[in-house]
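My notes follow in the order in which I looked things up.

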Amino acid sequence: MKSLGLILALIFAGCILSKAQDYNTGIGLRGGWFNGITVKHFIDDNKAIEAIASTRWGGYDFTALVEIHKPAFDVAWLYWYFGVGGHIGFWDGSRVKWSTADKPYKVLGVDAIFGMEYVFNDVPINLSLDWKPAFNLVGITGFWGDGGAFSIRYIF
């Protein structure tokens, strides 16, 4: 949890130094197979970093991503985005049927993300829908394709 606090502090400190296309920073909830919180901060007009802290299987997963945002379908305030990053997770092996270990375990891996985001012009809210596949390199290794989620963020 101390690492998450440090990541969030760095993101907020960067708010003063950069300007994004429609907003600088958004903080909100992420719901899907992994539920948690999301913080997205623009470091350039079309580049953002996103930190996700989520829960699943009696444990936690922390993800950091770098994303590229592009206008979508010539619709004002609508963007598609893609990016890459990594994750680390700490889960309870006794809470999942596919684990052979009845003990806590760690995973470490790489992530991709593909999504759409809509920024409301009149209220400080944005909505996004994404798919975030991952590949665990350490721990329970393999491809995880169930990382999709819907997020709602307060933006400033």
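For burial I used relative accessible area, with buried meaning under 20%, exposed over 50% and partly exposed in between (1.4 Å probe, protein chains only). Strands, like helices, are DSSP runs numbered from the N terminus, where a strand (E) needs at least two residues and a helix (H or I) at least four. I noted beside this that side chains in a regular strand alternate between the two faces of the sheet.

I must keep in mind that this is a predicted model, in which local features need pLDDT of at least 70 and side-chain atom pairs count only at pLDDT 80 or more, whereas totals for chains, interfaces and linings use all residues. Residues are numbered from 1 along each chain as its sequence is written, and side-chain values use heavy atoms, with hydrogens and water left out.

Next I looked up the partners of β7, taking two strands as paired if DSSP finds at least two bridges between them. Strand β6 (residues 104-119) runs antiparallel to β7 and is joined to it by six bridges; the two form a hairpin with five residues between them, and Phe-114 has Trp-131 as its bridge partner in β7. Strand β10 (residues 149-155) also pairs with β7 in the antiparallel sense, over six bridges, and there Asn-126 stands opposite Arg-153.

I then turned to charges: how many salt bridges does a search of the whole structure find? The count is eight, a salt bridge being a side-chain nitrogen of Lys or Arg within 4 Å of a carboxyl oxygen of Asp or Glu.

Lys-132 and Asp-111 form one, with their closest N and O atoms 2.7 Å apart. This pair links distant parts of the chain, 21 residues apart, with Lys-132 in the loop between β7 and β8 (134-138) and Asp-111 in strand β6. Both Lys-132 and Asp-111 are buried.

Asp-146 and Arg-56 also meet in a salt bridge (2.7 Å, N to O). Here Asp-146 lies in the loop between β9 (142-144) and β10, and Arg-56 in strand β3 (residues 47-56), 90 residues apart. Arg-56 counts as buried because its relative accessibility is 14%.

For Asp-44 and Lys-47 I noted a salt bridge of 3.4 Å, N to O. Asp-44 is partly exposed at 35% relative accessibility, and Lys-47 is partly exposed at 32%.

Last, I recorded a network of salt bridges that links Lys-40, Glu-50, Glu-67, Glu-117 and Arg-153.
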